[in-house]
Amino acid sequence: MSLGRVYFLSLVVFDFVCMFLYCLSALESSDTDNGLCGWIIVGLSILLMLATLPLSIWMCIKIVKEYERAIIFRLGRIVRGGAKGPGLFFILPCTDSFINVDMRTITFDIPPQEVLTKDSVTVSVDGVVYYRVQNATLAVANITNADAATRLLAQTTLRNVLGTKNLAEILSDRNEIAHSMQSTLDDATDDWGIKVERVEIKDVKLPQQLQRAMAAEAEASREARAKVIAAEGEVNASRALKEASLVIAESPSGLQLRYLQTLNTIAAEKNSTIIFPLPMDMMQAFMKRD
């Protein structure tokens with residue numbers, strides 16, 4: 001058997017296998033609502049593909065990656081079976097088109113939003129959202145641009161949620177606000193086939209005047225607490241001195257010992273100056289003589 005005849009037979013077998021696979025794929029995935037005209041167009045597409053083999057096979061075989069899914073449209077309708085992939089799949093060159101959908105988690109920043117809080121304070125808040133496409137068919141068929149819609153919805157949701165909180169709650173309850181935003185976004189994007197996994201509040205920026213007012217308030221509060229602590233120390237010291245004076249009054253010699261101890265302390269620290277206290281009774285005696 002010559003080499004040309006072997007090549008011809010192998011080409012015939014390959015064409016038959018490809019025709020069988022394509023016909024099977026068309027019968028399984030084609031929508032029954034296409035009608036007679038649709039079936040005629042699909043049949044002509046298959047014949048055209050078979051007539052141009054083996055070149056047309058490279059236009060019919062497509063590959064999607066592990067993190068992608070392909071939505072195939074045949075005559076404008078999504079083929080039965082939903083998203084294809086990952087791996088190898090076939091399309092008809094003239095009647096089919098497909099859209100790749102990334103199934104990985106997507107992250108985007110919410111731009112800083114000027115929000116008027118419940119207590120009439122203007123703050124600038126930004127955040128970050130993590131989401132992924134859960135149903136590729138809904139993400140393609142139910143909305144024009146799922147990513148842009150999710151970004152806009154996140155901005156409006158942030159403004160709506162913060163509008164119901166006062167400044168103290170925004171500064172202290174970030175986790176609660178993030179959880180509320182996640183629940184709201186997840187419910188709103190469920191019809192788009194999107195799952196919002198996490199929402200985080202990044203930063204809360206206050207106006208400069210409000211920052212100075214809060215700093216002055218905090219400083220005044222600290223000074224007030226410092227004065228109260230100092231006053232309490234004076235009271236405790238006075239009570240201790242009163243108790244010490246009562247103890248010394250019980251023993252006159254104790255006053256003399258305390259006096260000598262004080263002189264010893266002064267001599268150790270400032271030995272050039274020594275103070276001798278004189279009793280007031282002695283001074284009164286000199287005043288009477290005059």
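At 9% relative accessibility, Asp96 counts as buried, the term denoting under 20% relative accessible area, with exposed meaning over 50% and partly exposed the range in between (1.4 Å probe, protein chains only). The structure is a predicted model, in which local features need pLDDT of at least 70 and side-chain atom pairs count only at pLDDT 80 or more, whereas totals for chains, interfaces and linings use all residues. Residues are numbered from 1 along each chain as its sequence is written, and side-chain values use heavy atoms, with hydrogens and water left out.

Asp96 forms a salt bridge with Arg74, the closest N and O atoms being 2.7 Å apart; such a bridge requires a side-chain nitrogen of Lys or Arg within 4 Å of a carboxyl oxygen of Asp or Glu. The pair links distant parts of the chain, since Arg74 belongs to strand β2 and Asp96 to strand β5, 22 residues apart. Arg74 is likewise buried, with a relative accessibility of 5%. Strands (E, at least two residues) and helices (H or I, at least four) are DSSP runs numbered from the N terminus.

Both strands belong to an open sheet of three strands, ordered β3-β2-β5 with antiparallel pairing.

Helix α5 (residues 146-162) contains Gln155. The helix has 17 residues and reaches 24 Å from its first C-alpha to its last, close to the expected 24 Å, where the expected span is 1.5 Å times one less than the number of residues. At its start, a side-chain oxygen of Asn145 comes to within 3.3 Å of the backbone nitrogen of Asp147. The buried residues of α5 are Ala146, Ala149, Thr150, Ala154, Thr157, Leu158, Val161 and Leu162. These pack against β6 (106-116), β7 (122-133), α4 (136-141), α6 (167-172), α7 (174-188) and β8 (194-205). Gln155, by comparison, is partly exposed at 22% relative accessibility. Leaving aside neighbours within four places in sequence, Gln155 is in contact (heavy atoms within 4.5 Å) with Ile110, Pro111 and Gln113. The C-alpha atoms of Gln155 and Gln113 are separated by 7.5 Å, although the two residues are 42 residues apart along the chain.

The largest nonpolar core comprises 27 residues, of which Val123 and Val129 touch the most other members. A core of this kind is a set of buried Ala, Val, Leu, Ile, Met, Phe, Trp, Tyr and Cys residues joined through side-chain atoms within 4.5 Å. At least two residues of this core come from each of β6, β7, α5, α6, α7 and β8, and α5 gives the most, with six. Not counting residues up to four places away in sequence, Val129 touches residues including Phe108, Ala154, Leu185 and Val196.

In total, the structure holds eight salt bridges. One of them joins the side chains of Glu197 and Arg132 (2.7 Å, N to O). Glu197 lies in strand β8 and Arg132 in strand β7, so the pair ties together parts 65 residues apart in sequence. Glu197 is partly exposed at 33% relative accessibility, as is Arg132 at 28%.

Technical notes:
Pairing = 2+ DSSP bridges. Polar contact = N/O pair within 3.5 Å; in protein donor to acceptor, adjacent residues only side chain to side chain.
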